Amino acid sequence: MNRLMGGAFCLLLMTGCTAPDEASSLHAGGSRIGLFKGIDAITEMLRIGTIHPDDRDNFDFRKIVDEGNVVDPLSPLLGAFVGGSGDSKMDNDEPHSISMMLWKGNFEKLAKIIALNCQHPDAASIKTNEIDVRLHPRFAAALLSSCASLNESTEVSDDIWNGVMGWEAPAAELEAWKIFLSLNRDAINALSAEERLSMLLMSLFLNPYFLLET
Amino acid sequence: MALVRSLNLFLAVSLALSAEACLRGSGQSIDARRDHDEQGSGSLASQAPESARAGAESAAGNSAERPLWAPQEPPTAAWLAKVARTLRKGQGLSWEDDQGQLLKLDREQIVDHFMEDPRFLDTVLDFNLYFLGFKVNQLTNKSLQRYHRAAFTFPQAIHAAQEVGTNGDYLSLFDLEQPVYARPFVEPTNSAPLTLSLEERRAESVRAIRKAIDTIEAAFINSKGEFDNQKGCDELQTSAVRLDLFVAVLQLLPQDDSLDSPTFALNSLLDKGCKGPQGQGGAFRVAIDAYRSLMEGQIASMARFDQSVYKIKSLADIQAFPGIKTRELPYEFWVEMTNSSTNYNRKRAAYVLKTFFCDDLTPINIVAPESHASDRHASDPSCQACHYKLDPVAGFFRYRGADGLNFQTLTTLAFDDAARLDAESFEGYLDTWKASDSQKWNVGYIRSLTKIAANSYETDPTQSLAELFRVIKAAPESKRCLAKRLAEYFVSKEQVFDGTYLEDLTREISRPLASGLGFKRAVKALVLSRTFDQKNPNAHICYDPPEAQAAGNRCEISFIIDKNCKSCHAGGFDLEDASVKTEMLDRLQSADSRQRMPYRRDMPDTERVTLIKWLDENTHD
């Protein structure tokens, strides 16, 4: 498990995960490329791909991040606009070790909540004290088909991928992910059902195409 | 190849080897054509769609104008997804979208399709707030009013977005006078016992409002039945009465700050009641009657805007209170843009220059004109670099004190830092904006220190704020700024754009009365642009129009040179030659009017700064 979760460190180490030559020129210009999309953009992506259409409005990733933390919410640290300042600027959009730890920790929280659905696949949902939404049936069916063991069928992989990543990431990125899964099949299947699903989700949540402006 | 890449990914992920491995693993070197072919949409003709040509020419009304977008390739899946996300306020493609069908359309049809989606107007609203500098998180939410209250706070943002929806006048964004948008009325939160019915509790609020108005009115009439300014003003100034009234208003309406209009109507009441010769209550009477009828209008709207009937699902559902306009900037603006006894409205002015003119006040040398040498602000050229234009804009706010209250008709002014001017010091303060050689105000948008005619001055000193917005709306710079922000918002913040391309977009959104349509066309042009479709674009290269790319990283400045230098330097400059660039830098920054370029002519500061920065960055390597 630890070995697989090492993916997070890939992000911790990166400076944007763009190719070096481009990274330098783009960052010189102060481009948003390589910066966090921000908490609300991530919420929108999750809503669209993983949540039941009728429940979308009721899902907000902030509520996972800030649960039980009303006084001093952490969500603004994950890339948010400073409202009412006369300057439409996003704060905390620079990836660094602290913000990466925050993202990682909160994605793990979400991944674990979703993974719990192996216990009741017919009513797949995200339930916390503040959220109660059904998962998108197509995404849920694909994801939960790996509860017993890793389901590597093309349709299933595509649906899990699209549910989280949407349709913008390059096709080769999806290919790479599939190969990564198959190369690690044994290790992944050695995990418990919930660990396996968490791991699947984390490998997408920490993908730069999900998390960062590209 | 794929295997090698994925091995890299595997290594990166499982061993956390190095950032470099990650870089390779993130799939940067993908062939752009790949996803395109996979979608099997290649059979559609790559000729320019009919509508592109027709649209570009007819709307331009001038066939000589360049088409806004180049002939389009068939759509790719990734482009489709990006357009969906861009035009639907962050909501990319979803399971509900029929991608197969969509990919059978050409790119223009796809853009049109997404612009029909109600979320496109949310995007426009979001852009408007972004432009105004008050973009918020979670613009739409589950609440009763559906939209973040910031949207209601800046009615121009809602107004202009609705105009885009109806192909109306998008440039209403630049109007000071705006509708006041209603939010669904919920239960009043007054002190009436909860055992009472909703109607009774509402009636209680109504009584409270009427009573507060009566209290103010009564305070202006002394025991002998005469009008008494002093007594009334004292009463009004004590926050107790004002607060009473506000509290009453708030109880009637759902949210804390939804009604700027009555707030400022009250201010005008303050002005009228307190100014004017002692004993003459006519103006006051007019004001309080107006205020009373305003509030009665609100009261009458209660049924219409009750949450049971007034439901906001999309932007088009938002309605304005009938018969009311606000001619004020929102309270939120004033709270953020505070003024102090030393700041003299400069913070507000800096906001205006940055927001509406895209001028972030990068200091550059200026040539102080001889004739104005005695002007008090001209004393130090290094300060003048910003203050020559900052202070005259600040002047538009000269009567606005704490919280934006208008002190024009009063003999005092209170700042946000609690400092107060008496009659004499008020005069002295106002002198800051008096031109030294005349009694005229040196208040306006300054383009030139030598050619006074090039500047846009305030013409009606009794309407300073309205004058500011008149100047903003009339200025070509504000539309150019709008086009620049559009490109930032819809494509990328730091991507450079060819100047002529931005001019084309500017022309679209400047079309009188058709700016809503023009706005859509400008956005359409941006998402159909080559820049938008570029994988890993180089931020210093212009991809639109297609021919601009050949200019390499010069595209950012070639327009500026054409515009400002070509008339005299027809041959242009050899930008390969470092000594030429150094000479240009010197000439652009010289404070000596005989050396400074363009020779005895003005050049917009923003363009001079761009050119200087570019030369500076490209001279030393």
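Modeller: Buried means under 20% relative accessible area, exposed means over 50%, and partly exposed lies in between, with a 1.4 Å probe and protein chains only. This is a predicted model, in which local features need pLDDT of at least 70 and side-chain atom pairs count only at pLDDT 80 or more, whereas totals for chains, interfaces and linings use all residues. Residues are numbered from 1 along each chain as its sequence is written, chains are lettered from A and ligands numbered from 1 in the order in which they are written, and side-chain values use heavy atoms, with hydrogens and water left out.

Colleague: Why is B:Asp112 called partly exposed, and why does B:Lys524 count as buried?

Modeller: The relative accessibility of B:Asp112 is 34%, so it counts as partly exposed, whereas B:Lys524, at 9%, is under the 20% limit and therefore counts as buried.

Colleague: What makes the pair of B:Lys524 and B:Asp112 a salt bridge?

Modeller: A salt bridge is a side-chain nitrogen of Lys or Arg within 4 Å of a carboxyl oxygen of Asp or Glu, and because the closest N and O atoms of B:Lys524 and B:Asp112 are 2.9 Å apart, the pair qualifies. This pair links distant parts of the chain, with B:Lys524 in helix α23 (residues 515-527) of chain B and B:Asp112 in helix α7 (residues 107-116) of chain B, 412 residues apart; helices here are DSSP runs of H or I with at least four residues and strands are runs of E with at least two, numbered from the N terminus.

Colleague: How do you know that A:Asp159 forms a salt bridge with A:Arg138, and what does the pair tie together?

Modeller: The closest N and O atoms of A:Asp159 and A:Arg138 are 2.9 Å apart, which is within 4 Å. A:Asp159 lies in helix α8 (residues 154-165) of chain A and A:Arg138 in helix α7 (residues 137-144) of chain A, so the pair ties together parts that are 21 residues apart in sequence. A:Asp159 is buried at 12% relative accessible area, while A:Arg138 is partly exposed at 43%.

Colleague: Why is the link of A:Cys118 and A:Cys147 called a disulfide?

Modeller: A disulfide is a pair of cysteine sulfur atoms within 2.5 Å, and the sulfur atoms of A:Cys118 and A:Cys147 are 2.0 Å apart, so the pair meets the definition. With -90° about the S-S bond, the link of A:Cys118 and A:Cys147 is left-handed.

Colleague: What makes the disulfide of B:Cys542 and B:Cys555 right-handed?

Modeller: The torsion about the S-S bond of B:Cys542 and B:Cys555 is about 80°, so this disulfide is right-handed. Their sulfur atoms are 1.8 Å apart, and the search of the whole structure finds 3 disulfides over all chains.
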